[in-house]
Amino acid sequence: MTNYDDALATMTFRVGWEHDGIRHSDGLHAQRVNFWRDILPAGLGEALARQPGAASVALSFEPGRVLPVADRAAVHRVRRADVERRRLAGIEIEPRYGRFYPRGMLRGVPGVFRENIQPFRCTGLEAEWLAADFNHPLSGKKLAVAVAVKDLRPKFEEHGGTTTDWLETTLTG
């Protein structure tokens, strides 16, 4: 079966990148991938069409093609007094350089609410201030994406539903 628009698939998405000379990777096992409705990595559909029956496809994305490049405006200077002190197992969480924390810990930053669990990275610490970087951790990285089709089966009917951006889901967890 190679008519992907009338199919559901089980696939794995693997993303690889390099930082400071070290290779990293992450992956996602995805069930019920809908080729007609879902958003797939650019070039995936064409690559599969060129290789009927192919079990996997490797794609490469230069910085800025999948994720926006890092934006200096996404780095916020926050007073340390405006960083909520949370306790975990009796230990107070104190921001450290290079670590990730939920944005909901920050007060006085436009668009940030206590319930926000999206991460920020602490990229600067001073006695009274810290720098909270809201850029995606992989901004500016070249990404290697490998997609493997594990199972392809016909759809019986289409009832609408939600659209999933599978690469974004892989990159954000």
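**Strands.** I looked up alanine 58 to see who sits across from it: its bridge partner in strand 10 is alanine 146. This is a predicted model, where local features need pLDDT of at least 70, side-chain atom pairs count only at pLDDT 80 or more, and totals for chains, interfaces and linings use all residues. Residues are numbered from 1 along each chain as its sequence is written, and side-chain values use heavy atoms, with hydrogens and water left out.

Strand 3 (residues 56-61) and strand 10 (residues 143-154) run antiparallel and are joined by six bridges. Strands here are DSSP runs of E, at least two residues long, and helices are runs of H or I, at least four, both numbered from the N terminus; two strands pair if DSSP finds at least two bridges between them.

Buried means under 20% relative accessible area (1.4 Å probe, protein chains only), exposed over 50%, and partly exposed in between.

**Rings.** How many aromatic pairs does a search of the whole structure find? I got three. Rings of Phe, Tyr and Trp (its six-membered ring) pair if their centres lie within 6.5 Å; planes under 30 degrees apart count as stacked, over 60 as edge-to-face and the rest as tilted.

Phenylalanine 13 and tryptophan 166 are stacked, because their ring centres are 6.1 Å apart and their planes are at 5°. The pair links distant parts of the chain, strand 1 (residues 7-19) and helix 2 (residues 166-172), 153 residues apart. Phenylalanine 13 is buried at 1% relative accessible area, and tryptophan 166 is buried at 9%.

Tyrosine 101 and phenylalanine 120 have centres 5.9 Å apart and planes at 40°, so I noted them as tilted. Both are buried. Ring pairs link Tyr101, Phe120 and Phe134 into a cluster.

I looked up the largest pocket, with a volume of about 400 Å³. It has 17 lining residues, and His19, Phe100, Arg121, Pro137 and Lys141 are the closest to its centre. Strand 8 gives the most to this lining, three residues.

For the method, I wrote down that a pocket is an open set of points on a 1 Å grid over the protein atoms alone, where a 1.4 Å probe fits, with protein on both sides within 12 Å along at least five of seven lines; lining residues have an atom within 4 Å of a point. Its volume is the space filled by probe spheres set on the points, which are joined across faces, edges and corners.
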